[in-house]
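Trainee: I would like to learn how to read a fold. Please show me the model, and we can go through it feature by feature.

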Amino acid sequence: RNLIRDSVKQLLLTYKGERIMLPNFGCNLQQYLFEPLTESTFESIKRDILYSFDRYIVGARIQKLSVVPYGDLGPAGGNSLKVTLVLKLVEEDLTVFDVEVLIK
């Protein structure tokens, strides 16, 4: 469970192209920090997360995905986002856990 939690956090916080051997690994969520936080923006964020999760995370499935604004505007005027995933381990029917990441 901790391995999957750490892998998901790494995936969400990594820029695509940052890892030489896996150039498509990551979500580029930081690009959304200065976008207007509209319903369309949140849907794009969720699509990016779901696509990357399905491609790179093995052993867990997303039960619930939430992306919400977090805190005050940052020092450069950008927003912060809180991403929460409720995951279920594939091989253990009853194991459900949360992963929370702040994008600043």
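Mentor: Helix α2 (residues 39-56) lies across β1 and β2, running at about 150° to β1. Helices (H or I, at least four residues) and strands (E, at least two) are DSSP runs numbered from the N terminus; axes are lines fitted to C-alpha atoms, for helices over the stretch in contact, with angles from 0 to 180 degrees between N-to-C directions. This is a predicted model, where local features need pLDDT of at least 70 and side-chain atom pairs pLDDT 80 or more, while totals for chains, interfaces and linings use all residues. Residues are numbered from 1 along each chain as its sequence is written, and side-chain values use heavy atoms, without hydrogens and water.

Trainee: What is the strand order of the open sheet?

Mentor: Strands of a sheet pair through backbone hydrogen bonds, either parallel or antiparallel. Here the order is β1-β2-β3, with antiparallel pairing (two strands pair if DSSP finds at least two bridges between them). The edge strands, β1 (60-70) and β3 (96-103), each pair on one side only. Eight bridges join β2 (residues 80-89) to β3, and Lys82 stands opposite Leu102 in β3.

Trainee: Which strands does helix α1 touch?

Mentor: Contact means heavy atoms within 4.5 Å. Helix α1 (residues 2-13) touches β1, β2 and β3, and its direction makes about 30° with that of β3.

Trainee: Is Thr14 buried or exposed?

Mentor: Buried means under 20% relative accessible area, exposed over 50%, partly exposed in between (1.4 Å probe, protein chains only). Thr14 counts as buried because its relative accessibility is 7%. Thr14 sits in the loop between α1 and α2.
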